[in-house]
Amino acid sequence: MAHLIIRGGNPLYGEISVSGSKNSAMPILTAAALSDEESIIDNVPRDTSVLTICLILRSLGAEVYMDDKGRIHVRGAGINNHSAPYDLVRRERGSFYTAGLLLGRLGCAEVPLPGGCAIGSRPVDFHIRGFQQLGAEVTIEHGYVKASAPQLRGTSIFINRSSVGTTINLMIAAAKAEGVTILENAAKEPEVVDLAIFLNSMGARVRGAGTDVIRIEGVKELYGTEYGIICDRIEAGTYLMCAAVAGGEVLLKDVVPEHLRSPILKLMEAGVEIKEDNSSILVRSQRKLKACDVETAPYPGFPTDLQQPFVALMSTAEGTSVIRETIFDRFRYVDELRRMGADIRVEHDTAIVRGVEQLSGAPVEATDLRAGAALVVAALGAVGETRILGLEILDRGYEGLSEKLHALGADVVREESPDSVSQKITFAALRLSKEVDQDG
Ligand code: EPU
């Protein structure tokens, strides 16, 4: 496995740009393939998760390539394969959006139960129930979700629990369905809104995204468009915490501060100084943090994706923080923080974090993407060297992580391994040019 080696203790100074959102890029690239015409998507992060989606779309027959400005071109006219490949789908939860795409385009889909981060059971029952309500017949056979519907028909769907993935998948499937689909108890995350704006720029009729009722009036045709996706609020939040733990002064550019309202308030409560304008956030930290409590919640609440870095941050804050996770089973990484000297007790869905004077560097392993981010935060504030195993996992969601941290003055080294998955995928990515054959 590839490693990230961090020697903690350097304060961070300087400015960095936040990349495009991976959790927006995956659905938007997929939805782009609903049209026979070409769409050009800008501000796509060069994460391996996005590359995986591109390779899956290609395997279905879509034309997908990256131009020399880093924009991704997608054209769905060639889609003729309704079966998504297991070896790619298992890497990314977001690959399950191909079910909505294939149902909407071909009227049938065979998509393996998706993979993604190891953060507890991640069922797709809401997605399946939604497809059924749109008129699809769905079975699960040999690990594949098989769905078919000659014509999807709009209807009212109440989603049992606010679910980003279900809301997105059903929006994609319903964009060309016959009639009107109403999604009730829809997720309100910025990535859902981004997808709605994108779909509308293709000629779809989606209203209400950002509220908990979304109305999708199916259209016959969707057209090519050009679109720039939003910046990654979770990447931005992670760098806020890196600056908070290391101390110093960092300017994050190309962000939407409103998307981070809840984490920003919590950081201020912890004693971090934050100033913002329309598209940037300035963070100043003296490293003297106070404990504070957090409960994760769907947007606009505190994001589950920042729970892990926040626990790492609170590990050296003064006092005891109580952090409750309400979305996923996401505390396995705590053992790794303990190896660095953190004092954390987990009771059911709650971590009780007693701040210690100092963490010390240790060899640790990233068990999932945001757990990896937590280890980076911990390492930046620790004394000595931390070797984070499983850099490939971080590559799924943090474009140029070591370069960005290095630009801020952190002591960070990337150590590749010859057979690392990220290298293999990067190699495949190089072939994301128009000229090469389509087999990915
Ligand atoms: N759920 C079900 N059944 C379903 C779908 C969801 O029970 O069919 C449950 C989940 O188990 C969870 C809750 O509903 O308890 C909410 O899950 P949601 O569907 O919102 O999550 P997701 O779509 O699988 C996305 C992001 C996650 C992020 C969550 C919550 C992508 C590809 N993934 O996951 O991002 O944590 O929303 O905001 O967009 C990450 O980026 O590291 C990441 C894990």
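A polar backbone atom of Phe126 is 2.8 Å from an oxygen atom of the ligand, which counts here as a polar contact, that is, a pair of N or O atoms within 3.5 Å, where within protein one atom must be able to donate a hydrogen and the other to accept it, and residues adjacent in sequence count only if both atoms are side-chain atoms. The model is predicted, and local features need pLDDT of at least 70, side-chain atom pairs count only at pLDDT 80 or more, while totals for chains, interfaces and linings use all residues. Residues are numbered from 1 along each chain as its sequence is written, and side-chain values use heavy atoms, with hydrogens and water left out.

**The ligand and its surroundings**

- A backbone N or O atom of Gly165 also lies 2.8 Å from an oxygen atom of the ligand, whereas in Asp125 it is an N or O atom of the side chain that is 2.7 Å from a nitrogen atom of the ligand.
- On its own the ligand has 830 Å² of accessible area, of which the protein covers 92%; such areas come from the Shrake-Rupley method with a 1.4 Å probe, and for residues only the protein chains shown count as cover.
- The elements that give two or more residues to the shell around the ligand are helix H1 (22-32), helix H5 (125-133), helix H6 (164-174) and helix H12 (369-381), where helices (H or I, at least four residues) and strands (E, at least two) are DSSP runs numbered from the N terminus.
- The ligand is surrounded by 26 residues, and the closest are Asp125, Ser163, Val164, Asp305 and Ile327; a residue is near a molecule or strand if one of its heavy atoms lies within 4 Å of it.
- Both domain 1 (3-19 + 231-418) and domain 2 (22-229) give residues to this shell, so the ligand lies between them; the domain bounds come from an automatic or database domain assignment.

**Two open sheets**

- Three strands form an open sheet in the order S6-S8-S7 with antiparallel pairing, and two strands pair if DSSP finds at least two bridges between them.
- Strand S6 (108-112) and strand S7 (137-141) are the edge strands of this sheet, each pairing on one side only.
- S7 pairs with strand S8 (residues 144-148) in the antiparallel sense over five bridges, and Ser148 in S8 is the bridge partner of Glu137.
- Another open sheet has four strands in the order S9-S10-S12-S11, and its pairing is mixed.
- Strand S9 (156-158) and strand S11 (205-207) each have a single partner strand, so one side of each is left without a neighbour in the sheet.
- Between S9 and strand S10 (residues 180-184) the pairing is parallel, over three bridges, and the bridge partner of Phe158 in S10 is Glu184.

**Backbone features in loops**

- Most residues other than glycine have a negative phi, and most peptide bonds are trans.
- Asn185, which is not a glycine, has a positive phi of about 60°, and its place is in the loop between S10 and helix H7 (190-201).
- The peptide bond from Tyr299 to Pro300 is cis, with omega near 10°, and Pro300 lies in the loop between strand S17 (294-295) and helix H10 (307-314).
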